[in-house]
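Hi,

Here is the structure I promised to pass on.

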Amino acid sequence: MTSAAGEASQLNEKLGVDIDPELLSLALTHRSYAYEHGHLPHNERLEFLGDSVLGQAVTVLLYTRHPDLDEGALAKRRASVVSTVALAEVARGIGLGIYLHLGRGEDQTGGRDKDSILADTMEAVIGATYLSAGQDAATGLVRRLVEPLLADPDRYGAAVDPKTSLQELAAHLGHTPPVYMVEADGPDHDRTFTATVIVGENSETGIGTSKKHAEMAAALRLWRALSNAG
């Protein structure tokens, strides 16, 4: 069994789909890896396709499931489910990070847990599912992946604006406002930001390609931790 086939077998079992091993390997290949290995093909075209499949599947699901919601409410829920932080959360839930093909520098700077990379790869995997198994299989995969998000309405606001949600939760729990600390690593053209947010005696970290994304990732993690503790 080739490494690509073994990788596909494990992930297909987790996802409940049958994706061609070579196509799945492409979906997992970040541009940093491709550039370090002679400009191989990478996953950005599949990401483009998967983004469209994801948006359509979530739109139809929300429209049919919530006949009482107006356009604004539906749009807000869709935005949260397809957001970078939400897709990264989904990716972590299936352990997608360990399968990524990353360049050495990206790997060493926390790329396997970076929201933007996880979210983009998740979309690429959805695109690969569409090409391998068809629209019905891809739609079914999207539904299974986002179901936990749809089952928790409070998470909509947190996924769209985690910093505001965390501030509101901190106030509700009697804490002072969240405090953020951000560090940056890497060259100017490829910076990686790590944010730590503190509320009372609780803290979480997040990684992103910008200060904003890192803070949002950290805020969502701490919001979840405090919400679960409550």
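How much space lies in the largest cavity? About 60 Å³, and the structure holds 2 cavities of 30 Å³ or more. A cavity here is a set of points on a 1 Å grid over the protein atoms alone where a 1.4 Å probe fits but cannot get out, with lining residues having an atom within 4 Å of a point. Grid points are joined across faces, edges and corners, and the volume is the space filled by probe spheres set on the points.

Before I go on, a word on the basis: this is a predicted model, with pLDDT of at least 70 needed for local features and 80 or more for side-chain atom pairs to count, while totals for chains, interfaces and linings use all residues. Residues are numbered from 1 along each chain as its sequence is written, and side-chain values use heavy atoms, leaving out hydrogens and water.

Back to the largest cavity. Its lining consists of Val85, Arg92, Asp115, Ala217, Leu220, Arg221 and Arg224. Helix H12 gives the most, with 4 residues, and helix H6 (84–93) also supplies at least two. (Helices are DSSP runs of H or I with at least four residues, strands are runs of E with at least two, and both are numbered from the N terminus.) By class, the lining has 3 nonpolar, no polar and 4 charged residues; Ala, Val, Leu, Ile, Met, Phe, Trp, Tyr, Cys and Pro count as nonpolar, Asp, Glu, Lys and Arg as charged, and the others, Gly among them, as polar.

E1 and E2 (residues 192–199) share 7 bridges, and Tyr180 has Val197 in E2 as its bridge partner. Angles run from 0 to 180 degrees between N-to-C directions, with axes fitted to C-alpha atoms, for helices over the stretch in contact; contact means heavy atoms within 4.5 Å.

Then there is H11 (residues 162–172), whose axis comes within 8 Å of that of H12 and crosses at roughly 35 degrees. Among the residues making the contact are Leu166 and Leu169 of H11 and Leu220 and Trp223 of H12. The contact residues divide into 9 nonpolar, 2 polar and 2 charged.

Cheers

Note on methods. Pairing = 2+ DSSP bridges. 1 Å grid on protein atoms, 1.4 Å probe; cavity = no way out; pocket = protein on both sides within 12 Å on 5 of 7 lines; lining within 4 Å.
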